[in-house]
Structure formats: structure tokens, C-alpha cells
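Colleague: Could you take me slowly through one part of this model, and then show me how the places related to it are built? I am new to reading structures, so please spell out each step.

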Number of protein chains: 2
Amino acid sequence: MRTKIPMKAFTMIAEDSGARAGILKTRRGEIRTPVFMPVGTQATVKAMTPDELRSVDAQVILGNTYHLHVRPGEKLIARLGGLHKFMSWDRPILTDSGGFQVFSLARLRKITEEGVHFQNHLDGTPTFIGPETSMEIQRDLGSDIVMAFDECPPHPCTHDAASKSLDLTLRWARRCKDWWESQPAESRPLVFGITQGSGYADLREKSARALVDIGFDGYAIGGVSVGEPEEEMFRAIESAVPFLPGDHARYAMGLGTPPQIIEMIARGVDMFDCVLPTRLARNGTAFTGLGTINLKNAPFAEDPGPIEDGCDCHTCQNFSRAYLRHLVKAEEILGLRLITMHNLHFYLNLAARARMHTVAGTFQEFRREFVANYVPNGAKE
Amino acid sequence: MRTKIPMKAFTMIAEDSGARAGILKTRRGEIRTPVFMPVGTQATVKAMTPDELRSVDAQVILGNTYHLHVRPGEKLIARLGGLHKFMSWDRPILTDSGGFQVFSLARLRKITEEGVHFQNHLDGTPTFIGPETSMEIQRDLGSDIVMAFDECPPHPCTHDAASKSLDLTLRWARRCKDWWESQPAESRPLVFGITQGSGYADLREKSARALVDIGFDGYAIGGVSVGEPEEEMFRAIESAVPFLPGDHARYAMGLGTPPQIIEMIARGVDMFDCVLPTRLARNGTAFTGLGTINLKNAPFAEDPGPIEDGCDCHTCQNFSRAYLRHLVKAEEILGLRLITMHNLHFYLNLAARARMHTVAGTFQEFRREFVANYVPNGAKE
């Protein structure tokens with residue numbers, strides 16, 4: 001039985017060689033896809049102000065259900081007016097379900113049909129999150145796009161274990177949808193389901209079909225980028241996408257490198273989030289069209305040029321590689337700030353360029369050229 | 001013999017109860033005094049961009065001769081166009097002489113008539129800085145206000161040791177002035193002398209008189225805030241100021257708390273620099289008119305108000321104490337960034353208010369009220 005979604009959230013406006021350009025309507029405004037969503041784990045995209053996120057054209061950011069539940073708590077955030085007001089961000093927020101963190105960070109997990117009992121990673125406090133709890137936390141945060149609570153099996157995982165885990169995830173997805181339907185229609189956010197199934201094509205297909213039967217505003221591919229080889233990651237995506245409706249948004253969770261994102265877009269994925277641009281910046285690594293460079297390295301000591309020629313981000317417009325190298329070597333916070341700014345601009349701009357080329361019908365050339373130029377293990381310095 | 005200074009850099013425009021409002025002309029523009037100068041030790045005011053410094057009305061910032069000599073080196077900075085271009089800051093820069101750091105950070109110091117041999121604090125490289133070296137480093141950096149190289153005796157210090165040290169500092173001051181006069185007049189920055197003499201009034205007087213005989217564009221009081229009690233610090237200032245010319249700028253180095261700055265202004269001091277606003281911010285401490293508050297503390301957990309009511313800084317306009325507390329507790333960089341911004345605004349605004357009240361003839365009331373309201377060891381939370 002397929003439950004009707006009252007309003008269709010996603011509109012595809014162009015398609016080219018598998019890539020899609022679309023618009024996702026949320027209650028806090030429209031999101032142009034393909035879109036990269038900066039990760040704001042603890043109610044902040046690391047080292048950035050909301051003004052800076054707007055200046056690099058971030059349309060939507062992620063909040064983390066698990067982290068915010070543990071600290072400072074969704075009830076506190078709700079009493080202060082919700083996550084948007086708390087962090088002074090007025091554009092859409094997508095919250096993950098907490099599933100991934102429960103399975104990667106928390107201790108002494110015990111999984112039951114009801115949900116997951118665990119001790120949080122900060123002070124070991126016994127905690128429980130199940131499908132309804134996850135939805136309630138996301139509601140209290142005031143999220144505009146909520147994710148169904150899922151179990152994330154580890155990699156590698158036998159077919160039998162992946163199958164059992166998927167069945168539980170699907171029962172939880174049903175409960176999330178039921179919870180969502182119990183809420184007043186006028187205050188409901190968008191709700192996305194998450195496909196699982198590890199690297200097994202039959203399970204990915206089953207997962208996609210079952211979620212579509214339940215009916216969601218969008219569909220995510222979860223359980224990827226958990227340590228599997230790249231080809232297995234692509235296979236997981238390719239196994240699910242054909243069974244997801246073309247008129248709904250698709251979201252590959254926690255991915256990836258710039259060429260991986262382009263390859264996902266070529267496979268019909270619309271939404272991405274990844275900690276790489278912010279995390280690598282804190283290590284002095286900057287993204288360019290030719291691959292990453294580490295600004296700690298000696299060749300940049302007297303380099304008067306920007307991180308990337310032609311880049312119009314604030315960092316490249318004002319600061320040299322030599323200055324950034326000095327800041328990184330001297331462990332100055334400004335260094336990681338400026339590189340974070342550039343890296344976010346790079347990722348956001350990458351999705352925007354993919355969209356532009358999809359609309360223009362030149363996505364295939366863009367993809368070929370971008371992937372050919374990008375050296376995966378670091379640009380030649 | 002007093003050497004004529006070609007252009008008088010400082011103009012006093014108002015005086016009230018000891019406080020002075022003035023204008024200091026530099027080759028990169030005018031500085032309205034009293035002025036607080038944010039400290040940019042390693043070619044960055046910690047955690048801040050130049051745009052942000054401009055947004056809080058920073059008129060002039062400090063660069064650190066010792067630190068920049070050790071890393072990345074003034075020659076490298078000069079090849080890249082100077083410190084202003086390197087860090088993308090187009091307003092005046094004052095560089096200290098390196099003396100204070102040589103005596104507080106460096107290892108295996110050997111002081112001779114020529115200068116100081118030492119091993120730098122980073123990798124122990126043997127290094128030498130003397131009066132001429134210090135001036136050359138400051139020239140290579142492109143500083144707009146250079147400081148004469150001085151010896152900073154430790155606290156406490158006998159009268160005999162302080163006297164011998166002062167004599168050396170005065171001979172070095174003469175050599176700095178000679179070096180400065182050997183430079184092309186059109187490219188010379190302003191040059192300030194530094195009075196020393198520890199806590200001894202007779203030595204402070206001697207120091208001031210001797211420096212005035214040599215003739216500088218401005219006069220600093222050094223060797224204060226080195227661990228001495230507050231009354232000794234005030235005595236050092238009070239012992240020097242009467243012997244400094246009223247038509248030249250006076251600069252108390254490395255000071256202080258907000259009420260100390262007000263008390264120095266009341267004693268005729270015009271310029272200040274201090275790491276407190278930036279350093280304490282990184283520990284979660286914010287300045288208010290009632291004293292400091294530590295945002296880590298529990299009472300702020302659900303406090304929806306800004307750090308300080310009525311404050312028009314970016315932080316107070318956009319973020320609550322509750323959010324800042326969360327960021328500090330979660331060790332998020334944005335927390336220390338936002339508190340740094342507020343604290344710098346507080347210090348810069350404090351000097352601007354002192355100036356306004358001096359011009360208006362209401363400095364004494366302002367001083368009395370400010371000092372009475374400010375609780376030195378932390379506001380009641």
C-alpha cells in the first residue's frame with residue numbers, strides 16, 4: 001500500500017546523460033539540485049559563521065540528530081526556539097536520523113525491535129533512540145528534511161546479516177512514516193527514507209522498492225562510504241537508483257571526493273553531504289580542479305598565487321598560498337578558517353557547475369574533463 | 001643633543017582630567033587616540049580575518065618582530081611585498097622591537113653591547129638581534145611604526161641591575177635612532193622609543209628624559225605588566241609620563257584589563273595593546289561592562305540573551321549566551337571566533353568611548369562609573 005504524499009517536493013527541470021537538475025521545495029525555501037550540503041554536526045559547520053555559509057551560497061546544511069541529542073539536547077534547543085534560531089541559520093536544515101552515529105560512535109549498543117540502547121560517546125550516559133525517538137528529536141530541532149531511522153550494518157557484512165538488518169530498517173522506516181503521518185500536516189517537514197543492503201544488489205533493489213511502497217518525499221542511499229572499495233560504493237548506488245522514482249530527490253549520504261560526486265550525479269543522484277572539505281581543511285589540505293594540495297608543503301613557502309587560479313572565493317581573492325602555508329605551519333586558526341572557506345566554495349560550486357552543465361546539455365563533457373583533470377591522490381605540487 | 005623630527009606625528013585635539021584625545025599620523029593613514037591595537041603576533045590577529053578587524057573598527061594592529069623573524073622570516077615577507085600585503089591588511093601596522101620576546105621566549109640568551117645572541121623557541125636555531133637588526137627586520141616587514149630595541153629586565157629586579165639594563169637600553173635607543181636617520185626620509189616609518197627602569201621612579205624619569213633628548217615620534221612605557229603588582233605598574237607609568245612631551249603619543253605596552261586601560265588613559269596614555277581579549281576568548285571568557293563572564297558556566301546553558309545587552313557587535317547581534325556556551329563546551333572553533341570578535345569590539349569600543357568622553361569633557365564621570373561597575377575578578381553570573 002502506497003501512502004499518498006500531499007505535496008510533491010521535487011521537480012526535475014532538466015536531465016542530461018543521467019544527470020538531473022531539479023528543485024526541492026522545503027518549508028524554508030527551495031533548494032536547487034544537484035546540491036552539496038555542508039555538515040553542521042554540532043549546530044555549527046566547523047569554523048564557519050552562518051554569514052560565511054551564505055557567502056559561499058550554501059542552500060541547506062546538515063544537523064546531526066545524535067550529536068545534538070547528546071549535547072546540548074533537543075529539548076534545550078526547542079526551548080530556545082529551535083535549531084535555526086539557536087545557530088542563527090534561516091535557510092533549510094536537513095537532519096540525519098542518528099542511525100549512522102549510533103552505530104559508529106556510541107558504546108555498548110543493544111539493538112532490539114524497539115530501537116537501540118547505547119551509552120553516548122561523551123560521558124557514557126545510557127540512552128535510547130528508536131524510530132519514533134529519532135523523529136521526535138528531529139521535530140524538536142525544527143528540521144526541514146527529516147531522515148527515517150535506519151540500522152547501518154558494518155563493512156564487510158554477510159548477505160544474511162545485511163538482509164536481516166535491512167528488514168529491521170524497513171520496519172523502522174514504516175514506523176517513521178506512521179509517526180510522521182500522525183503529525184499535523186501544516187507543520188510537517190519533508191521526510192526521506194534511507195535504502196540499505198550493504199553491497200548486495202538484490203537487497204538494494206528490495207530496499208528501494210519497499211521504501212517507495214511506504215512512500216517518502218525523497219530517498220537516500222545509506223550505508224555507503226563505510227570503508228568499502230569505490231566500485232562497491234558505485235554498485236550500491238547503481239543497484240538502488242533504478243528502483244527509485246524519477247520525480248523524487250535522491251541523496252547519497254556521506255559522499256565523497258569531487259570526482260565521486262560527479263560520478264554520482266551522472267548516476268542520477270541529487271544531494272550530497274560530506275565532511276571532507278571541512279575536515280581536510282583543518283589539516284591544511286585544499287581542493288583544486290587538479291586534485292588536493294597540502295599547504296604545509298615546502299613548495300608553497302614563497303608562492304604568491306591563490307590556492308586556485310580563477311577561484312572567486314574570499315580566500316583566493318585575498319590570500320596567497322605562501323600566507324596560508326605560514327598560517328598552517330604556525331597552527332593559526334585563521335589558516336584552517338580560510339582553507340575551510342575555499343573548500344566549501346569548491347564543493348558548493350562543483351554541484352552548481354554540474355547543475356549548469358545539465359541544464360545546458362553539456363554535462364557529459366564537463367564530467368569527462370573534470371574527472372580526467374582531477375588527480376585522486378593529490379595534485380602535482 | 002636633540003635631533004629634530006621632520007614632521008610632528010601627533011596632534012592633541014582635546015584634553016580632559018588627564019585624558020587626551022589625539023590624532024597620530026602615519027604613512028598609512030591617521031589613528032584616532034586613545035586607541036587599542038589588536039595583537040597580530042604571527043601575521044594574524046588570532047582567529048580573525050582582516051575584514052572582521054575592519055568591521056570592529058581596528059585602526060592599527062601589532063606585528064611581532066621576533067616571531068616573524070623566526071617564522072616565516074622578514075626576508076620572505078619582504079619578497080612577497082611586505083607584511084601588509086602578506087596578511088592582506090591595508091591599515092597601519094606597529095611592530096614591536098622583539099626585545100620583550102627575546103627576553104621572555106628565547107633560550108640561552110647572551111647579552112652583549114652589540115645585541116642579544118639566543119636560540120629561538122621553535123627549533124633552537126642560533127640567532128642574533130641587536131638594535132640595527134631589529135630596525136632592519138621592522139623595515140623589511142614594512143611597519144608603519146617601529147619600536148627601538150630594548151632590554152626588558154625581569155621582575156623583580158634590583159635597582160643596580162635595572163640601572164645597568166637601562167643604560168644599555170638607552171645606548172641601543174641611540175643606535176636605533178641613528179639607523180633610522182640613515183634611511184631615506186621619504187620611506188621612513190614613525191619611530192618610538194621605549195622607557196625602561198623597572199619599578200624605580202628615578203630610573204623611569206632618567207629613561208624618559210634621555211629618550212626625549214634623542215628625540216622620537218612617540219614614547220612607550222615598556223617593562224610593565226611583567227608580573228609586578230598593579231600599583232607598581234601605575235607607579236612606573238606615573239614616574240615616566242611627566243617627563244614625556246605633551247605633544248607626542250604615549251604608548252603603554254602589553255596592557256591591560258579594561259579598568260587598567262581607563263586608568264592609564266586618565267594618566268595621559270594614548271595607545272595600548274594587549275592579548276587579553278583574544279587569549280581569554282579562546283578560554284570561553286567574554287568581557288562586559290560588569291566584568292568578565294566565562295561562557296562555560298552552567299547558568300548560561302539556557303540564557304537566550306547576548307553576551308552583553310546593548311552591544312552592537314556581530315556576536316551579540318546574532319548569537320545567544322546559550323549557543324556560545326554550547327560551542328565552547330563542544331570545543332567548536334566558531335565559539336572562540338565569536339567571543340574573540342566580541343572581546344575585540346569591547347576593547348576597541350572602550351578606547352573609542354574614552355576618546356568621545358574626553359572630547360565631550362565628560363571623561364571623569366565616564367571613568368568613575370566604568371571602574372565602579374567593573375568587577376575585576378569576574379562579573380556575578
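**A helix pair, and what lies beyond it**

Modeller: Let us begin with a contact between two helices, in which Ala201(A), Arg204(A), Glu205(A), Ser207(A) and Ala208(A) of α8(A) meet Arg235(A), Ala236(A), Ser239(A) and Ala240(A) of α9(A). Please keep in mind throughout that this is a predicted model. Sorted by class, the residues of this contact of α8(A) with α9(A) comprise 4 nonpolar, 2 polar and 3 charged. Helix α8 of chain A covers residues 201-214 and helix α9 of chain A covers residues 230-240, and their axes come within 8 Å while crossing at roughly 40 degrees. Angles under 35 degrees count as roughly parallel and those from 65 to 115 as roughly perpendicular, and α8(A) and α9(A) are therefore described as oblique to each other. The handedness of the crossing of α8(A) and α9(A) is right-handed.

On the side of α13(B), the contact is made by Leu324(B), Leu327(B) and Val328(B), while α14(B) brings Leu334(B), Gly335(B), Leu338(B) and Ile339(B). By class, this contact of α13(B) with α14(B) holds 6 nonpolar residues, 1 polar residue and no charged residues.

How well covered is α13(B)? Helix α13(B) is mostly covered, since 8 of its 9 residues are buried, where a residue counts as buried if 20 or more other C-beta atoms lie within 10 Å of its own. The buried residues of α13(B) are Arg321(B), Ala322(B), Tyr323(B), Leu324(B), Arg325(B), His326(B), Leu327(B) and Val328(B). Just after α13(B), Glu331(B) takes a positive phi of about 55 degrees.

That cover from chain A leads us to the contact between the chains, which takes 30 residues from chain B and 30 residues from chain A. On the side of chain B that touches chain A, the elements giving two or more residues are α3 (74-79), α4 (83-87), α13 (321-329) and α14 (333-360). Among these, α13(B) gives the most, with 5 residues. The residues on that side of chain B divide into 17 nonpolar, 7 polar and 6 charged.

In chain A, Glu331(A) has a positive phi of about 55 degrees although it is not a glycine, and its place is in the loop between α13 (321-329) and α14 (333-360) of chain A. With 10 C-beta neighbours inside 10 Å, Glu331(A) counts as exposed. Ala47(A), in the loop between β5 (39-40) and α1 (50-55) of chain A, also has a positive phi without being a glycine, of about 80 degrees. Ala47(A), however, is buried, with 24 other C-beta atoms within 10 Å.

Another loop of chain A, between β17 (291-294) and α12 (314-318), contains Leu295(A). Leu295(A) is buried because 26 other C-beta atoms lie within 10 Å. If residues up to four places away in sequence are not counted, Leu295(A) touches Gly284(A), Ala286(A), Phe300(A), Arg321(A), Leu324(A), Arg325(A), Val328(A) and Ile339(A). The C-alpha atoms of Leu295(A) and Gly335(A) are separated by 9.6 Å, although the two residues stand 40 residues apart along the chain.

In chain B, Ile307(B) lies in the loop between β17 (291-294) and α12 (314-318), and it counts as buried because it has 25 C-beta neighbours inside 10 Å. Leaving aside neighbours within four places in sequence, Ile307(B) is in contact with Ala286(B), Thr288(B), Thr315(B), Cys316(B), Arg321(B) and His342(B), and Arg321(B) is one of the buried residues of α13(B) listed above.

Technical notes:
Residues are numbered from 1 along each chain as its sequence is written. Chains are lettered from A and ligands numbered from 1 in the order in which they are written. This is a predicted model: local features need pLDDT of at least 70, side-chain atom pairs count only at pLDDT 80 or more; totals for chains, interfaces and linings use all residues. Two residues are in contact if their C-beta atoms, placed from the backbone, lie within 7 Å. Helices (H or I, at least four residues) and strands (E, at least two) are DSSP runs, numbered from the N terminus. Ala, Val, Leu, Ile, Met, Phe, Trp, Tyr, Cys and Pro count as nonpolar, Asp, Glu, Lys and Arg as charged, and the others, Gly among them, as polar. A residue is buried if 20 or more other C-beta atoms lie within 10 Å of its own, exposed if 12 or fewer, and partly exposed in between; C-beta atoms are placed from the backbone. Axes are lines fitted to C-alpha atoms, for helices over the stretch in contact, and angles run from 0 to 180 degrees between N-to-C directions. Angles under 35 degrees count as roughly parallel, over 145 as roughly antiparallel, 65 to 115 as roughly perpendicular and the rest as oblique. A crossing is left-handed if the near helix is turned anticlockwise from the far one by less than a right angle, and right-handed if clockwise.
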